[in-house]
Each structure stands twice: as C-alpha cells, then as structure tokens.
Amino acid sequence: MAVPARTCGASRPGPAPTALPWPGRGPRPGPGARRPPSGPPRPLLLLLPPLLLLPLLAAPGASAYSFPQQHTMQHWARRLEQEIDGVMRIFGGVQQLREIYKDNRNLFEVQENEPQKLVEKVAGDIESLLDRKVQALKRLADAAESFQKAHRWQDNIKEEDILYYDAKADAELDDPESEDVERGSKVSTLRLDFVEDSNFKNKVNYSYTAVQIPTDIYKGSTVILNELNWTEALENVFIENRRQDPTLLWQVFGSATGVTRYYPATPWRAPKKIDLYDVRRRPWYIQGASSPKDMVIIVDVSGSVSGLTLKLMKTSVCEMLDTLSDDDYVNVASFNEKAQPVSCFTHLVQANVRNKKVFKEAVQGMVAKGTTGYKAGFEYAFDQLQNSNITRANCNKMIMMFTDGGEDRVQDVFEKYNWPNRTVRVFTFSVGQHNYDVTPLQWMACANKGYYFEIPSIGAIRINTQEYLDVLGRPMVLAGKEAKQVQWTNVYEDALGLGLVVTGTLPVFNLTQDGPGEKKNQLILGVMGIDVALNDIKRLTPNYTLGANGYVFAIDLNGYVLLHPNLKPQTTNFREPVTLDFLDAELEDENKEEIRRSMIDGNKGHKQIRTLVKSLDERYVDEVVRNYTWVPIRSTNYSLGLVLPPYSTFYLQANLSDQILQVKYFEFLLPSSFESEGHVFIAPREYCKDLNASDNNTEFLKNFIELMEKVTPDSKQCNNFLLHNLILDTGITQQLVERTWRDQDLNTYSLLAVFAATDGGITRVFPNKAAEDWTENPEPFNASFYRRSLDNHGYVFKPPHQDALLRPLELENDTVGILVSTAVELSLGGRTLRPAVVGVKLDLEAWAEKFKVLASNRTHQDQPQKCGPNSHCEMDCEVNNEDLLCVLIDDGGFLVLSNQNHQWDQVGRFFSEVDANLMLALYNNSFYTRKESYDYQAACAPQPPGNLGAAPRGVFVPTIADFLNLAWWTSAAAWSLFQQLLYGLIYHSWFQADPAEAEGSPEARESSCVMKQTQYYFGSVNASYNAIIDCGNCSRLFHAQRLTNTNLLFVVAEKPLCSQCEAGRLLQKETHSDGPEQCELVQRPRYRRGPHICFDYNATEDTSDCGRGASFPPSLGVLVSLQLLLLLGLPPRPQPQVHAHASRRV
C-alpha cells in the first residue's frame, strides 16, 4: 500500500512535466534564467529499464502522487550505482592502468618494507646523529669547568677591559634611548661581518661567539664582567667542535648568572617590545640545571596582605610556575586560618602548559582576609607531598611560601613532617614593603635546607623566583661525574630562528675550592646545550617508500611527539615547549594507549590495529588498518615508531637503465606535449641538491627541466630513486592517455576532466585546459583525495570545499566539478600494492540533471513519467522536485548532488547547513557517527581587550590621603610604585598593550589556542532504511540508502512545509574551545615516566648559605628624584641593577 504524501495538509499534484533534452538545462527557479543547452542531447550511459509501479487507489477523476515505496528507491539506488560504475570503468582507467603496469613489468622492481628492520635502522641513525652532539657537549662542559677553575677573580675589572660581541648591541646603538647611549659608557662590543647560512636560517660569523645578557641585568657589574672574561676561552672549543662536526648547529653556554654565550655569532632577534629572554628560564636550561621537582606553593592571603603586596604575590606565583617543566609536579594553595587549593586541583599535577594556565587564572582570584596561619599552610603542603597515591616526580620536594611576614616559626610542624631527614626543602619569600621581623622566615628556610628571598617590588620578582634552582643544583654538583649525564629536551621553538629543535644538555659545575682542605664548591655554573633541528632528524627517516599514509614518529618519556606528520604548530611561543601528546596527534583509542605506554617504557613491539584517522583536510574520518612497529632510541629518552598500512608493505622502484627510454619519457614532462597528452603536475620534492624550489608548480617544473638538461637521472647530486620513479610514472600515465583518454569524448558523459596521480609524484590531468581549474595539491602524498582513495575501497567522491561563512559556489562556465577517485591495486607475484589513484571530475550541473533522471520513474530516456487523470503515481526526484527532496551526501556529511536547483551552489557544504532537520534524523538513526577531538596547535586572533584605553590594570593607585602623608613619601612604597610602573612595561598582565603597537605585532595578530573539531563518518547502518521525522502535524517521511562501492548516501525525503520541524543544528565547523575540562583530566592522568636519574640529596651538602635580603635597596636621594619625575610626568629610566648572587664571586 502506498504511503500518503503528506500528513500536514492535502496532497499536492506535481507540476506539469516538461521534457528536457538530456542533460536538460531549462530555466532555474528564481530571478534570471540559465543559458539553453547547446549541441545534441547527451545520452545516458546505461539504458533506463522499465519500472514496475504498484497501482494506487485514488478518487475518481483525480490524479495524486504518493511517497515512493522502498523497492522503488532501491531501484533508483541501483541505477545510480550502475551509472557511476560504468563511467569509472570507461574513463577511470583502473583496469587499463593495471595492464600498463604489467606490460612495463621489466621497468621496475617490487621492494618490500620490512618494518622491524626499517625502524631499527632509523633509530640507529638517529642515535648516531645525537651521539656526535653528545661528544661535542662533553668536550664543551669539561673545557668550561677547566677554564673557570683556572680563572682568577678580578674585583677591579672594568667594561673596557672586556672585548666581546654583544648580540644586542646593534639594536641598542640604533636606539638613542638605550642604556649604553644614555649613560655615555664606552661600548666594548666588537663589530662583526656576517654571511647568510641556510643551515641556521640566519646571518652568522664563524670566527666569533656572541653574548646575550638579559635586559634586567647590568652588563657592567663585576660578576658579569668576570663571567665574560673566563667564558671567552670557550670560543676556541666551539670552533674546534664545528671543525670535527660541520653539521653542528647552535652551541650554547647558559650561565647561572644569566649570561648566554653562543656560537656561531649572530645578531640577537630583538622583539619590538622589551626583550624578556633569560636563558635561565628556557626549557632546556631548567631541565639541565636540576632534577625533577614536586613543588607546593602556598600563598599568605591574610588581611595584612595589602592590595599591592597581594598583586606582587600573584605575579610572583605566575613567574614561579614558569620555572617548571613537564617533568615537574605542582600545586598552589592559599592560606589564612585554614589552607585551600586556589584551583580545582586537589593534589599535585603535572606542570604542563595547560595545568599552569589553570593555576595562573585561579591565582588572580585570591582575596586577602582573615589572620595568618602558617601552620595550616605548611600542614597542607606536607600532606600534598606525602600523598603517594598519585603520579608525581618523586625527586626534589619543596615548599615555596609567599608571605608579608609573621612571627610563628611552626617548629612543631617541621618536627612532625620533615625532621630529622629534611627531605622537603622550604623556600620562603618576604613580599612587599613592610616592617615585620623577617627572622622567622629566614629560620624556616635555613632549618629546612632551603633559602630565604625578599621581593620588595615587581623588579625583584623574576630574579628571586628562579634562583632556587641554584640550591637544587647543589646535590648534582656534589655528585660529580655521576650527575654528568646528557639529557634531551622536549621539542621547543629556537629563539634564534632555527624553528623546532631538541637540545642536548649537560650541567657545568664549579670545581673550585675556597682554600686547601675547604669544602667543595656547590654552585652550578650553568648548562651547556647543543641544538638539533627536527628537520635534520626527519632527513634520516624514509621519505617516499612508505607511501602516502605511512610515516615515522617518535615520542619522549612524557608521551610528547618530537617527530610526527601532525606536529604542525601554527604559532609557537619560544618561552614554552611544544608539547603535543601522541594521543592528541592522532585520534585516541585503547590500542594507541597501549602502544604509547610500551614506547615510554622503552620496549620493542609490533601491533596491527583498526583505528580512525582524520583526512588531511580534517573534514573526514576513515576507519583503517595500520601496522605499528616501535623500538627505543638507545642513549636517549626517545622511542621511535613506524606506521604502515597493509597496502604499503611493498612499493615500486623504477629501473630505467635504458637512457633512450629515459629521454622518451622525459619528453612527456615538457609543456609542449601537454596539449595532446594532458597537463602534468610534478610533486615538489628534493630530486636534486641544485634544484630551486618554488611554490608555483609551473615554475618548479621549469626549474626541474632546466636542471635535467645539465645532469642525468643517475647523477650523484640527485636522488636516483625519486628521479627514476618520476620519469617512469610520466611514461606510464602517458600510455593511459594514449590507450584510454585521448579517443573518448568527455563532454558526452558530462566530464570536465580525467586524471591520474602516482606515488612517483606525477599528477596528469586531461585535457590540458582542465588544469586551469585544478586546485588539488601537486604533491599526491599531500592531496586529500589521494590519501583517502588509498584507504577506501570503491569510488571516493569529493565535492568542492565550501565554508558556511563564504559565498556560495559560482556556477558559471561549467568550471565547478566533483572529484571521483579510486585506487589502482596491483597484484604482482602475490604481492599487493597501490601505486596510483585515478579518477574523473564531474560537471556539477550536468550530473545534477542526470541525477534527477536516474532517480525518476522514466520508462523512456526522453519522456518523464506522466500521471494522468484518475490515476495514482509515486513521486520521483525529477517530476516532483517541488515536493520531494533527493540528495547524495558523502561519508563526511557534505552535500554532493541535489535535485533542488537552488541547492546546487551549496554543494560541498555540511548537510546540516542545508537541511538541519534531515541531517539530525540521519544522525539519530545511526547513518552517521560523530567524532570529536581537540586541535592543540591552532592559531586564533586575540580577543579585543575590554577596557582599552583605561588606566593600567593591577597598579596600586595611592589615595589623596597617601599623597598628603609625608610618611608615605619617605617610605619605600613610593619606590615600589615607581618600579611597578617601570616593570609594568615588561609584564603585559599589569598594563594594557598599546593599541597601535598591538596591531602591528605578530603576537597580537594571532596566538596559540585550542580548537574543537567535529567530524562525521558512516555509522553501522548499511541497509536501505525508511523512517519518519516526527514533528506532529508536520512530520516528514524519508528514505536513506548507502550506494554500494562508493562513499555516498542516497536520501529521499519529503520537503518540509512547516517551521515546527526545525530542530537543533549539528555543528561540523571547527570552533574555539578551552579544551577538555582540566579538572577532570588530572583525575586520570596519562601514563608517563620521569628521567631515570634523580639528584635531590647529598650528605656533604652545606646548607649554611640560606638567605639574603633585597639586592638593590634605594637611597633617599634616588627616591626624591624619582618622585619629582613622577610628579612632572617624565618617563624615568631604570638605574643599573645587579641581580647576581653574591656567592658567585670566586
């Protein structure tokens, strides 16, 4: 029995059928008319078989249309499948290309990828590369310790006594307001000449080292000048290292005083704003200067903490968090009468970027009230450190307390939790300007192997929140050679422009003694580092033998990737490491969790899994089979993995020994052959060393041809594998043109183009004019259609990409096409491989008309079905397009074809943007499954500040009473206010950015952020399916069915009549997100391991040096001068400050 056409209102008769010549382009609905078709009618590929229609009951004298029955729509689906398959068999050329490969079997060999051997070889090559850097590191560290030990301290050393290249000198001399120019001091810097070096992506001088000194350190201080004096001798060691290993990149010594000496010399990349670079805050320095840390920060928020002091504490905590790396664990709590965590974290959590962000935001919400209760704060901190039921560093344990002062020493707490072993170090920080007795704070630090610091103003924050690392370095220094172990860092952005690097680090110790029989010096001199660019490691991995979907990756002990094709940060902040977890680089599942754990544990392994992968354009998700093989990289903390699809077990290697044949095939790369043989795009690969790269493929091809006229494919300067495969594929695809494409009339079957792409790097598009509209990537391995075709059986449809925010497609001159592609699978001697992808490009409008006819009740090619009087007929997609919606949707949920002319310009859009109600029904009925994930490497435009132009944020503003109070002017509060104003230029969180400056700076244009991605893919329903969308009186019938051997879903539905059927819209577009809830994630932390070495205790450690006061107390004369400057509104200049530890004097 036929289903009624509508449940809301009466059935409507269809429009009078109008016969259109195939493919029929009559007037479109709406204003304007389409041009009439030209030329003879185009035949259907397949004859349309007659359709048996069930008789329908109708009232006498009336004609009515009913919703098609299921078997009718199944019949339409079969006709669509047959039409697609027929076109692809004739024009796709799959079978023809198979025969061509077999006919040319003598021109190539089939090679095998043996995963275990491959991954072990690559791991060995990486180990050898890094080992060469390790040897250079050890030579540098030994030399530095010897030079420093032999150096004699000079109290009266002067700036003019030291000659060196100051990397920031050029920028400072160009700035008339710079410190050196203003003070008129004698400039002791060398003026060097530089040459461009592609390895460093910079101008360098190989005869000298360069020196960088942080902005807030006075370069004329005695400590700094002595440091420059003895480190000068490192220059010869740097040069000798490069002579032994010319591949070395930056060699750097980061001193504990803040001085950086690096080789080769290059000008510093000075930012537009104040330079905040301090080597002691770089990820590689922090990792090399101390063992991992478990840190609890407790902040006094009692009522005595004034507004300015509390703000100093908040900034201090944020700066303290920046001294922690991913090997460390931390928690932050506030206390008055009782203690409580400032965030949702109730225990120690990994000090990664996202957790530290939560802390920094939570700290800003601290409010001062109540009375001081040191006991509550310390008991909370010790309980946190004693919790053994959580993941933590299990090495250095410490408590950092920020307070404005107090009298309680809480000795009973230390006796209970920490004495006599003193396994927890206590660091105390007296913050702000006050007259409290600091003796109790000093005693706490000294009694617990810690250190006491004072932070009277914002200018003291950076130096005093990082010098605790000197104390943690003591056990390392005392351990001697045992602690001299090279560590390799996470991936991070090089400050000098190399891009993404990893660094080998080695601590440098002070080997001096104060006198005969005296105790050994405990100070760490600094950290030696040598960079290795990720690109240099990538060059050791197989390039093109793994196929388009095979790849090599590597992870560290945290599970972060240092090699992975998806490691592509859009923006990088040189102050933070690049920490992309393996499970975030890929779509996470249980199998990958097991693989990650095994790799972190340093095991070997192999596992075949079924998993989900995103397409290259991140619009689709495919379920695929992958083989994972992994081994540890010895002498490092890294593990290497290899991923291969089963079809990439074998690959072709051309064997073109016949030079005449080489020349013959090469001629098909010449543009002069394109008119007859089709346009050729070649993959922009590194075929030869002297080949000039270009983003324009026409220009790249020209460069390639010019080079090939000078060298042969067998030249030593060329990659013979790549060149031979490229030339072979040029000849093979030309034979496809000759045998299949050239004699066919593409217009007859509404095709805009046919094409073939190969592993060898050739993309041939026929005819030549179709190349004008070809927008796919010329590198097949980077083309989404190519990679998806390899992973999917059958025909893969790819509609043009449309964004909902962009204007619709412009359907003019027949230039809009739909790609249909499929992989060519070869079976040669029992070995299966997929060396190419072929396909066609459909004319969108012509195939939309063809789609209507194929999904209609026509019994004759040229005559639409007519429903006469007194008869009942089933609706179809051609005659009843005003009542019936018929669409083809791909496996990602994107519209491919529609019988609605007004939807043609929406082809390529997510179907929910076209018909939200119907897409939701398809999803709810399991035709589609949703996959959500997060992109942690995205770049976002900055949010506009809400109070632009307002007064500076966070600045303590004295009241009128303060100004009238003489005591306020004579106190250090005025000095503190001045320093706050001065350093507010550095700390962006204290002052709003200048609008003009922010607009011009790249940092302001975009910043790193998290984006939520949603993809849809076919669910579990494979059969034909009828359903009803229940909307009361406006319900809709629909039918959905997968088309066999394609990635298409055929959907027939009643068009909605009532707005009540509108439902929530499914979202596919990438959206800004805060990422997964961190408070929940830390409850189930991902598996990781810390470094295998820990130096947190040495029985001979001397803890007597445990505290000091502020390093730059102001004088009354300076105070008066500064107040006059403030009152007059003049911009004050900072006075020279020495932020160097007094105990560094040797």
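1. Confidence of the model. The mean pLDDT of the protein is 84, and 80% of its residues reach 70 or more, where pLDDT is the predictor's confidence in each residue, from 0 to 100. Over residues 1-63 the pLDDT is below 50, and beyond near neighbours in sequence this stretch has 133 contacts in the model, a contact being heavy atoms within 4.5 Å. For residues 180-185 the pLDDT likewise stays under 50, and the model has 12 contacts beyond four places in sequence for this segment.

2. Basis of the values. This is a predicted model, in which local features need pLDDT of at least 70 and side-chain atom pairs count only at pLDDT 80 or more, whereas totals for chains, interfaces and linings use all residues. Residues are numbered from 1 along each chain as its sequence is written, and side-chain values use heavy atoms, with hydrogens and water left out.

3. Salt bridges, and the pair at glutamate 319. A search of the whole structure finds 40 salt bridges, each defined as a side-chain nitrogen of Lys or Arg within 4 Å of a carboxyl oxygen of Asp or Glu. In one of them the side chains of glutamate 319 and arginine 281 meet at 3.2 Å, N to O.

4. The side chains of arginine 1088 and aspartate 327 form a salt bridge with an N to O distance of 3.3 Å. This pair links distant parts of the chain, 761 residues apart, with arginine 1088 in the loop between helix H32 (1078-1081) and helix H33 (1116-1128) and aspartate 327 in the loop between H9 and strand E9 (329-335). Both arginine 1088 and aspartate 327 are buried.

5. The pair at arginine 742. Arginine 742 and glutamate 677 bring their side chains together in a salt bridge of 2.6 Å, N to O. Arginine 742 lies in the loop between helix H23 (720-741) and strand E26 (751-758), while glutamate 677 is in helix H21 (residues 674-677), so the pair ties together parts that are 65 residues apart in sequence. Arginine 742 counts as partly exposed at 35% relative accessibility, whereas glutamate 677 is buried, with a relative accessible area of 8%.

6. Disulfides, and the link at cysteine 688. The structure holds 6 disulfides, a disulfide being a pair of cysteine sulfur atoms within 2.5 Å. One of them joins cysteine 688 to cysteine 718, with an S to S distance of 1.9 Å. The torsion about the S-S bond of cysteine 688 and cysteine 718 is about 105°, so this disulfide is right-handed. The pair links distant parts of the chain, 30 residues apart, with cysteine 688 in the loop between strand E25 (679-682) and helix H22 (697-708) and cysteine 718 in the loop between H22 and H23. Cysteine 688 counts as buried at 2% relative accessibility, and cysteine 718 is buried at 8%.

7. The link at cysteine 877. Cysteine 877 and cysteine 886 form a disulfide in which the sulfur atoms are 1.8 Å apart, and with -85° about the S-S bond this link is left-handed. Cysteine 877 is buried, with a relative accessible area of 0%, and cysteine 886 is buried, also with a value of 0%.

8. The link at cysteine 940. In the disulfide of cysteine 940 and cysteine 1009 the sulfur atoms are 1.7 Å apart, and with 65° about the S-S bond the link is right-handed. Cysteine 940 lies in strand E34 (residues 928-940) and cysteine 1009 in strand E35 (residues 1007-1018), so the pair ties together parts that are 69 residues apart in sequence. Cysteine 940 counts as buried at 12% relative accessibility, and cysteine 1009 counts as buried at 9%.

Definitions and conventions: Helices (H or I, at least four residues) and strands (E, at least two) are DSSP runs, numbered from the N terminus. Buried means under 20% relative accessible area, exposed over 50%, partly exposed in between (1.4 Å probe, protein chains only).
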